[in-house]
Amino acid sequence: MAGSTPASPSDKPPAASAVSPLNSAAPAQNVRPPVSPAAEAWRRFKRHRLAVVSLVVLLIMVAMVVFGPLLWKVAINEIDFTARLKGPSLAHPLGTDDLGQDLFARMLYGGRISLAVGMAAMLMAICVGVLIGSIAGMSRGAVDTALMWLTDLFLSLPQLPLLLLLIYLFRDRLKAAFGPEVGVFIMIVFVIGCFRWMPVARLVRAQFFSLREKEFVEAARALGASTTRQVVRHILPNALGPVIVAGTIDVAAAIIAESTLSFLGLGFPPDIPTWGRILFDSKDYLDIAAHWALFPGLAIFLAVLAINFIGDGLRDALDPRRVL
Amino acid sequence: MQERDLRDLIENVREGKLPRRSFIQQMVSLGLTAPMASMMLMHSGVAQAQVPSTYKPTKRGGGGALKVLWWQGATLLQPHFAAGTKDQEGSRIFYEPLAVWDNDGNLVPVLATEIPSRENGGLSADGKSVTWKLKKGVTWHDGQPFTADDCVFTADFARDPASAAVTSGVYKDVKVDKVDSHTIRVSFSKATPFWATAFVAAEGMIIPKHLFAPYIGGKSREAPNNLKPVGTGPYKFVEFKPGDIVRGEINNNYHMPNRPFFDSIEMKGGGDAASAARAVLQTGEYDYAWNLQVEDEVLKRMEAGGKGRVQIVSSGDIEFIQLNPTDPFTEVDGERSSMKTKHFAFTDPAVRQAMALLADRKSIQEFIYGRTGIATSNFLNNPPRFRSPNTSFEFNIDKANQILDGAGWKKGADGVREKGGKKMKFVYQTSVNGIRQKEQAIVKQACQKAGIELELKSVTAAVFFSSDVANPDTYGKFYCDMQMYTTTMTQPDAERFMDQYLTKEISAKANKWQGRNICRWSNDEYDKAFHAAEGELDPVKRAALFIRMNDMVIKDGVVLPLISRPRVRGSNLKLVTRLSGWDLDFAGLQDWYREV
Amino acid sequence: MGPYLLRRLAVALPSLLGISVVLFTILALAPGDPFEELATNPNVPAEVREMLRHKFGLDDPVYLRYFHWLVAMLHGDWGFSFISRVDVDTLIWQRVPVTLAVIGASQLLALAVALPVGVISARKPYSWFDRIASTLAFVGFSLPTFFTGLLLILLFSIKLDWLPFVYRADIAATGWQWWWEQIRQSIMPVMVLGLFQAASWTRYVRSSMLDVIRLDYVTTARSKGLAERVVILKHVVRNALIPVVTLVALTMPQVFGGAIVTEQIFRIPGIGSLLIDAILRNDTPVIMAVTFVFACLVIVFNLIADLLYGWLDPRISFR
């Protein structure tokens, strides 16, 4: 029956008779007090141990990058030539790079930007992609064609010249309006999000094509649900599978994309140690100082892992086909 | 360094008391080039040394394939259209000039029989003409004979504005006459002490008249031989894929005996410097790699494998920082960094002095460049005997702090110095380059300790070095407080190097920021000295003037030389090359061989 | 489907034109100058630079340049590279075989890995196979290609000295020797790119398989007594393929100009490296030609994907 495949190893397939609505033998005892949908979703989420663990891990990471620099007082750009390329030690828990700068401090500081950019860019790409994909998927004819033309346009754009152009046009204005750091941040999130929404849109649209012909949607329509309601309450929750996968992949891609931008001189200044940047700086020293590359790589990997399991948990929590 | 001292030195060389090579090295250290030093000696009648040949192989060919890596691949093979040294090197495999510069600044004949001098009648007494005698019996790769007509044609081709040749500057003001089938005379409108420009080195490659004649002028881009070069060089053309690969095979009719050693040559492009270093030094897949701009630490580790070695050839390139004497953030008449404004901090000589003390050249050399760079405060290494005043470099944060305190720049609550309400926060820009970003980090830290805050900015090289009028990030615009890059001595003669400090060359909106004086430095005495040097026939007097001008620039502190950067190449242990810091890498290609 | 196809094709042409206008405008407005290297060369007088700019029509207004380009394109003249002084189509054709061989092979590898691994993972979610495969997938797409490429080079070229890492498009050998050399030098780039792609595709296959496996009709098919393999292959995979088809259609055009980093690392003379070189040197005709072909491929493959949806899921109607 529906939901016979568990979505998480700590999940259990529903017992056969416990909640059969036809079991009228003891209706009074089995009626539960009314619960809001949000609380219901949270309860379901909590059932997946892996998802909860991942959420905790992610919160720890966020706490470390937010509060860490306040507690670990070593400067991120203290150049110390006597301590170059040293492995992990008490003074430098994650080792040092080739200018003797402390990697732990740099990772904490850069983590703020990496995580913030990763999450923000991913959210932007997902939101825009889902919006455009749903509109295109529900409508037909002209609207769909126009939106797909737009998608194809963005897919064909050569990223680098466009980046150069956008940054050259908007950098100063954003800096003036929001201050140098926030301005650059907004610009980078916008730029990365701009290039990652198209796959999401097409995936969502494809899902919509197949879902909107299904019986439950027809039933909803027959009951008088407006298009918006059909989309939001019925189709969208079922279309989320690929969106969540795209979300995980986008976080990793956004963190790396930020470092590519910085490498091209278009992102944050070169001395800001985002995780992708540290990974890039360490590549020529892989055989000399593997620790330099290991830690940022591990950090990105952990973040991606955590977000993925949270996504799995979310999908199951919000899945309307689940009975439990 | 007075003119008298220079003449004394030359006398010492003539009398044999001072080795020629030492003299050349000393001139180089004062900011001149080896070719200039060599010309000085020649003018004074000191004959050029006969360089003994170290070429060992006793027969032509049999050496197998020579594989070289140029991580910026050649995009065209016509030397007069070359957009950069990579194209010149690619062309140089097939084409040759009359003479090339070797590492000691000597002229070595290639297609000429001997180097013109006063003794053999090649140089006229009034300095207005040079007569070159061409080698007889040289043929182009297609069998046609090489004659004086080809030289005359090459000059006409380059001179024609419709051809849009990049070498036109060299041939614009010279007249080339054919004296007989194997003799030409190059005439200048006025006496020219540095006469070795036409038909020499990279700009002097000669193209065949019988193939290019129908394509002179406006049709130059259609010549099929633009892509299929036919030259006189040691290798014949086989294949060319722009940006990727150039291939050549042995020229069995090459005009020098027992050369070339290799049966074929392959020049591969693409990738980056670090992987090029790996391919030569670690895996041995390639025999030679160009321009290894990699940290020395990494290079040393790669050499440890024992397959290849790093070759360092000194040349005239200097990495320096420029301090902007104008205000980059105020717009006047539609331009920033205008000469009508003044920088609030860098017009104060005390600040400039402090900045010079804050550049830790020694650490930069030791920990980043290693063998591939030499810390400098002048335009190259200084031997003690010829130290001009104020050319020692010092790194002293305390002294810098004292100077700034004394000049009225007091530290505020946030640790940043200020005066008159303006904080010492500077924007420091350079191109995207791992090594440069590390230099920036080092300078930034030192400045932080002195109460100066630097905001680092890196601009992608293609934009930074462009001349795009609309882009605010080019180095010509200098829309920031400090910038850093390497200036290359691309010409053997220093005159075109020194004109970048003239007042009339100041880069501004009026000349679309094409002016060569990017640091916007203006000094009347300098301008006067330059004009005197332009008209000076005596190369020794001229050299003395250049040295004085050099000192003027450094003393004023607007330009802070950091590191002199020799050329860094990688080669297989068994490969014997003939590299020169004053000409192309392939200037001696016919003499390369592999030891057994 | 017939009228739908015709309608889409009819729309494709103007949409391509529209895209080309936008592309051209962006390239014209982007900062950068194809003759920048000449600016720093004191041997090149300013008149020569001006002459070059004029010759290549760089001083004309944007719409005029676009019009020239369009007319030339329609005549089959793809333009003339500023930097190489060669016809653009020569440049592109020189690189097509290598690109198809290496990048094309990597896409096939990705598909060949992602489909089976994803299906098996979905069959037994959270089993050992699934956990290992998922972890490898996460590692795969968390690490950028420049990194994995370098790791492979360090391991196989430098430490073990088994494989060459500089790609040579012209191997002077014949027959079996040629194939052997070709495989040896292609393994690493194909693996780097293919596995990076496979990592994300595996996740998508697995996720959409999981979505479908829970549905009622799968239980019905099982309870009818069909063999598990038939259930999976005939019922589940077909429906689960829709996101996969979308993705494959999205990444196919990448073969033509997308694998920039891999091509740089291994020095593969493919179209990706042609594009990035042209971009960094502001060689507009080359950029325009490559991106235009790219746009055509995007439109074609997305159209194919749309048509395939109908074949995979007959309920999808084309109205």
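1. The radius of gyration used here is taken over C-alpha atoms, and the globule rule is 2.2 Å times the number of residues to the power 0.38. The model is predicted. For 596 residues, a compact globule would have a radius of gyration near 25 Å; chain B has 25 Å, so chain B agrees with that expectation.

2. Other overall figures for chain B follow. Its C-alpha atoms fill a box of roughly 80 × 55 × 55 Å along the principal axes. Of the 596 residues of chain B, 55% count as buried. Among the contacts in chain B with a separation of 6 or more, 67% are between residues 24 or more positions apart. Chain B has 17 helices and 21 strands.

3. On confidence, chain B has an average pLDDT of 86, and 95% of the residues score at least 70. Residues 379-390 of chain B are a stretch to treat with care: pLDDT stays under 50 there. For this stretch the model has 26 contacts beyond four places in sequence. Where pLDDT is low, the predicted coordinates should not be read in detail.

4. E7(B) is joined by 6 bridges to strand E8 of chain B, residues 245-250, and the two run antiparallel. Across this pair, B:Phe240 stands opposite B:Val246 in E8(B). The hairpin of E7(B) and E8(B) has 3 residues between the strands, and B:Gly243 takes a positive phi near 80° in that hairpin.

5. A further sheet in chain B is open and has 3 strands, in the order E13-E14-E15, with antiparallel pairing. Its edge strands are E13 (410-411) and E15 (422-423) of chain B, each of which pairs on one side only. E13(B) pairs with strand E14 of chain B, residues 417-419, over 2 bridges in the antiparallel sense. Within the sheet, B:Lys410 stands opposite B:Glu418 in E14(B).

6. The contact between chains C and A takes 54 residues from chain C and 44 residues from chain A. On the chain C side, the helices that each supply at least two residues include H1 (2-29), H8 (175-213), H10 (228-251) and H13 (284-312). H1(C) gives the most to this side, with 9 residues. By class, the side of chain C that touches chain A has 36 nonpolar, 11 polar and 7 charged residues.

Methods: Residues are numbered from 1 along each chain as its sequence is written. Chains are lettered from A and ligands numbered from 1 in the order in which they are written. This is a predicted model: local features need pLDDT of at least 70, side-chain atom pairs count only at pLDDT 80 or more; totals for chains, interfaces and linings use all residues. Two residues are in contact if their C-beta atoms, placed from the backbone, lie within 7 Å. Helices (H or I, at least four residues) and strands (E, at least two) are DSSP runs, numbered from the N terminus. Ala, Val, Leu, Ile, Met, Phe, Trp, Tyr, Cys and Pro count as nonpolar, Asp, Glu, Lys and Arg as charged, and the others, Gly among them, as polar. pLDDT is the predictor's confidence in each residue, from 0 to 100. Two strands pair if DSSP finds at least two bridges between them. A residue is buried if 20 or more other C-beta atoms lie within 10 Å of its own, exposed if 12 or fewer, and partly exposed in between; C-beta atoms are placed from the backbone.
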